[in-house]
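Student: I would like to learn how to read a few features of a model. Please take them one at a time.

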Amino acid sequence: MYELFKNLGTWLTSGASWSGADGIAHRLAEHLQYSLLATLIAAAIGLPLGLLIGHTGKGAFIAINLASFGRALPTVGLVVLVFLAGGLSMLPVYVALVALAVPAIVTNTYAGMTAVDPDVRDAARGQGMRGHQVLFQVELPLALPLVMTGLRLALIQVVATATIAAYVSFGGLGRYVFDGLAQRDLVQVLGGAVLVAVIAVTLDLSLSALQRFLFRHRTA
């Protein structure tokens, strides 16, 4: 075990491990690209849906249950299914990652909207605000902390799961896991897993700190 971790340290700190098309720097960039793009697509789907059902109160049962269904989908199974239907491309990976991210965004956005005090909404309408003004000037600012929490959770889940890109022969940090398993290279497998964990924790802590900074006046 000591030898394994010693070799891992050597692998992580070696200049050769960080350079080239198969280097850590390149694989890390690929992993972040997959994760950020999938999260942006999921946000483009989940945020409007969560805001709509939270603002109108209509369709909440269907939307939340669909979100729960998406969360329960087996990610690898979905990748294989879309892969068989659409062929070799990044599409199956993005479909699976988006399906994973949308539930957290929808449920947290909806929760944030429903947590807004109804008296505040009524007061805004009493001042002559229209529906979209109430939504964007009153409800959304108050719901924003929970909305951001949903985005944060979605991103971390996607980062941790984006290793599946390597399952269909693409890049990212998952390459070290799958290639290491194929080569019986435990150092490479452990290195890939450690890198994914470090990136996920780093992003989580960074976004958490940003969220606390942005809303520091609300808790002061």
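Student: Is tyrosine 94 buried or exposed?

Tutor: Tyrosine 94 is buried, because its relative accessible area is 14% and buried means under 20% (exposed is over 50%, partly exposed in between; 1.4 Å probe, protein chains only). This is a predicted model, where local features need pLDDT of at least 70 and side-chain atom pairs count only at pLDDT 80 or more, while totals for chains, interfaces and linings use all residues. Residues are numbered from 1 along each chain as its sequence is written, and side-chain values use heavy atoms, with hydrogens and water left out.

Student: How many aromatic pairs does a search of the whole structure find?

Tutor: A pair of aromatic rings is described by the distance of the centres and the angle of the planes. Rings of Phe, Tyr and Trp (its six-membered ring) pair if their centres lie within 6.5 Å; planes under 30 degrees apart are stacked, over 60 edge-to-face, and the rest tilted. The search finds three such pairs. One of them joins tyrosine 34 and tyrosine 94, edge-to-face, with 6.4 Å centre to centre and 85° between the planes.

Student: Which helices hold tyrosine 34 and tyrosine 94?

Tutor: Tyrosine 34 is in helix α3 (residues 24-56) and tyrosine 94 in helix α6 (residues 91-114), so the pair ties together parts 60 residues apart in sequence. Helices here are DSSP runs (H or I, at least four residues), numbered from the N terminus; strands are E, at least two. Tyrosine 34 also counts as buried, at 6% relative accessibility.

Student: What does arginine 27 touch?

Tutor: Arginine 27 is in helix α3 and is buried, with a relative accessible area of 10%. Contact means heavy atoms within 4.5 Å. Leaving aside residues up to four places away in sequence, arginine 27 touches Ala21, Asp22, Gly171, Gly172, Leu173, Arg175 and Tyr176.

Student: At what angle do helix α9 and helix α10 pack?

Tutor: Two packed helices are described by the angle between their axes and the distance between the axes. Axes are lines fitted to C-alpha atoms, for helices over the stretch in contact, and angles run from 0 to 180 degrees between N-to-C directions. Helix α9 (residues 174-183) and helix α10 (residues 186-214) pack at about 165°, their axes 7 Å apart. Residues making the contact include Arg175 and Tyr176 of α9 and Gln188 and Val189 of α10.
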